[in-house]
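Subject: Handover of a structure and notes on its contents

Dear colleague,

Please find the structure below, passed on for your own work. My notes come after it.

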Amino acid sequence: MALKGAAIWVCARTSCSDLGASDLGSRNSGSAFSLRYDLEKFRKWECCSLAVLAQRAITPVEDEKPHVSGVESSGAIEPTQGNESRGFHKDLNLLPKPLSANGLSSSPSDGSKVRVAYQGLPGAYSEAAALKAYPKSETVPCDQFEEAFKAVELWLVDKAVLPIENSVGGSIHRNYDLLLRHRLHIVGEVQMQVIHCLLGLPGVRKEELKSVLSHPMALAQCDMMLSNLGVVRINAEDTAGAAQMVASTGTRDTGAIASARAAEIYGLDILAEKIQDDDDNITRFLILAREPIIPGNDRPYKTSIVFTLEEGPGVLFKALSVFALRGISLSKIESRPQKQRPLRVVDDYNEGSANFYG
């Protein structure tokens with residue numbers, strides 16, 4: 001097995017009193033986490049670039065009360081009144097403009113309330129996750145995932161809420177890579193049940209639709225219904241953007257797959273609800289901040305570890321046995337390539353050289 005050049009994410013769930021962990025370092029110290037275990041044995045397997053981020057315990061799905069630190073437990077997102085939202089699509093300039101790379105500056109927020117960045121437009125599932133974590137927050141839309149990272153780093157916002165995995169679509173690899181590139185800390189997580197709706201202009205029936213816009217993952221998750229309708233599928237940047245496009249163009253034979261809240265914001269009718277193929281469609285979002293959470297022993301915590309391994313027989317087994325021998329359960333393992341190192345073809349003697357394929 002050739003593992004050289006792969007960055008491995010390990011997510012362990014345990015109580016900090018059992019783990020004996022404390023996040024006492026600063027971001028500038030290089031190694032911000034210590035484990036009271038025999039790290040000398042771990043180092044001899046030539047693991048490097050150990051970075052550990054403390055994570056708050058899971059926030060339950062949306063019909064339960066949230067438990068993220070600093071999150072008010074009043075919970076549910078308050079729906080926008082129908083009469084008010086129906087007028088939003090008539091003047092889209094009333095909606096907050098997404099941050100872009102050109103619009104980022106180092107001006108701090110006024111601190112009047114928590115400002116939370118998310119990727120997408122108002123009505124996106126990420127915005128719903130941000131409001132679930134911080135119900136009284138000011139949400140700040142961003143064009144791309146990386147703009148949300150930068151907004152936190154530049155003190156434009158206090159937190160960022162970004163998707164990391166979906167129970168149907170799998171991991172969002174882009175955000176795993178951005179976590180390695182940016183110096184932010186995981187301070188919590190939110191789980192949201194995704195309920196897709198088919199949206200259209202007022203008075204339109206779903207049988208009249210000839211094409212449907214949405215994010216590629218949303219289109220894939222609603223494959224059965226779209227196949228039954230026989231419509232053309234058109235990719236969009238995000239679900240809320242698809243709803244906005246349908247509202248702004250006014251094309252009656254074009255629909256969108258998005259949330260019920262997006263229908264309220266952009267003045268669209270819900271033609272069908274819960275159209276996803278899998279009812280157990282849950283997305284996990286990470287809450288990112290500039291400063292880490294210092295774990296206590298009052299509740300279970302999650303810990304995310306990033307490390308690389310040199311090539312050799314059983315190196316991954318040896319690394320993971322550190323957790324198994326101490327009864328620490330791993331909830332997820334993710335492997336990511338290191339772009340600076342090409343893949344290698346290794347022979348039976350564990351020797352080889354870089355090979356490039358056209």
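Residues are numbered from 1 along each chain as its sequence is written, and side-chain values use heavy atoms, with hydrogens and water left out.

Confidence. The mean pLDDT (the predictor's confidence in each residue, from 0 to 100) of the protein chain is 75, and 63% of its residues reach 70 or more. Over residues 1–5 the pLDDT stays under 50, and the model has 16 contacts (heavy atoms within 4.5 Å) for them beyond four places in sequence. Residues 101–112 also have pLDDT below 50, with 18 contacts beyond near neighbours in sequence. Where pLDDT is low, the predicted coordinates should not be read in detail.

Helix H9. Helices (H or I, at least four residues) and strands (E, at least two) are DSSP runs, numbered from the N terminus. H9 spans residues 239–249, and its buried residues (under 20% relative accessible area, with exposed over 50% and partly exposed in between; 1.4 Å probe, protein chains only) are Thr239, Ala240, Gly241, Ala242, Ala243, Val246 and Ala247. Their cover includes helices H4, H7 and H10 and strands E11, E12 and E14. At the N-terminal end, Asp238 caps H9, with a side-chain oxygen 3.2 Å from the backbone nitrogen of Ala240. After H9 comes Gly250, whose phi is positive, near 70°.

Nonpolar cores. A nonpolar core is a set of buried Ala, Val, Leu, Ile, Met, Phe, Trp, Tyr and Cys residues joined through side-chain atoms within 4.5 Å. The largest has 34 residues, and those with the most contacts inside it are Leu198, Leu199, Val212, Leu226, Ile257, Tyr266 and Leu268. Two or more residues each come from E11, E12, H7, H8, H9, E14, H10 and E15. H9 gives the most to this core, with 5 residues. Leaving aside neighbours within four places in sequence, the contacts of Ile257 include Leu198, Val212, Leu226, Thr239 and Ile275. Apart from this core lies another, of 21 residues, among them Ala148, Val152, Val157 and Leu178.

Cysteines. The count of disulfides (pairs of cysteine sulfur atoms within 2.5 Å) comes to 0. For Cys222, the nearest cysteine sulfur is that of Cys197, 9.2 Å away. Cys222 counts as buried because its relative accessibility is 0%. Cys142 is likewise buried, at 1% relative accessibility.

Single residues. Glu334 sits in strand E18, residues 329–337, and counts as buried because its relative accessibility is 9%. Its side chain makes a polar contact of 2.8 Å with the side chain of Ser171 and another of 3.3 Å with that of Lys332. A polar contact here is a pair of N or O atoms within 3.5 Å; within protein, one must be able to donate a hydrogen and the other to accept it, and residues adjacent in sequence count only if both atoms are side-chain atoms.

Trp155, in the loop between H5 and E8, has a positive phi near 65° although this residue is not glycine; Trp155 is partly exposed, at 49% relative accessibility. Lys274, in the loop between E15 and E16, has a positive phi near 50° and is exposed, with a relative accessible area of 58%.

With kind regards

Notes
This is a predicted model: local features need pLDDT of at least 70, side-chain atom pairs count only at pLDDT 80 or more; totals for chains, interfaces and linings use all residues.
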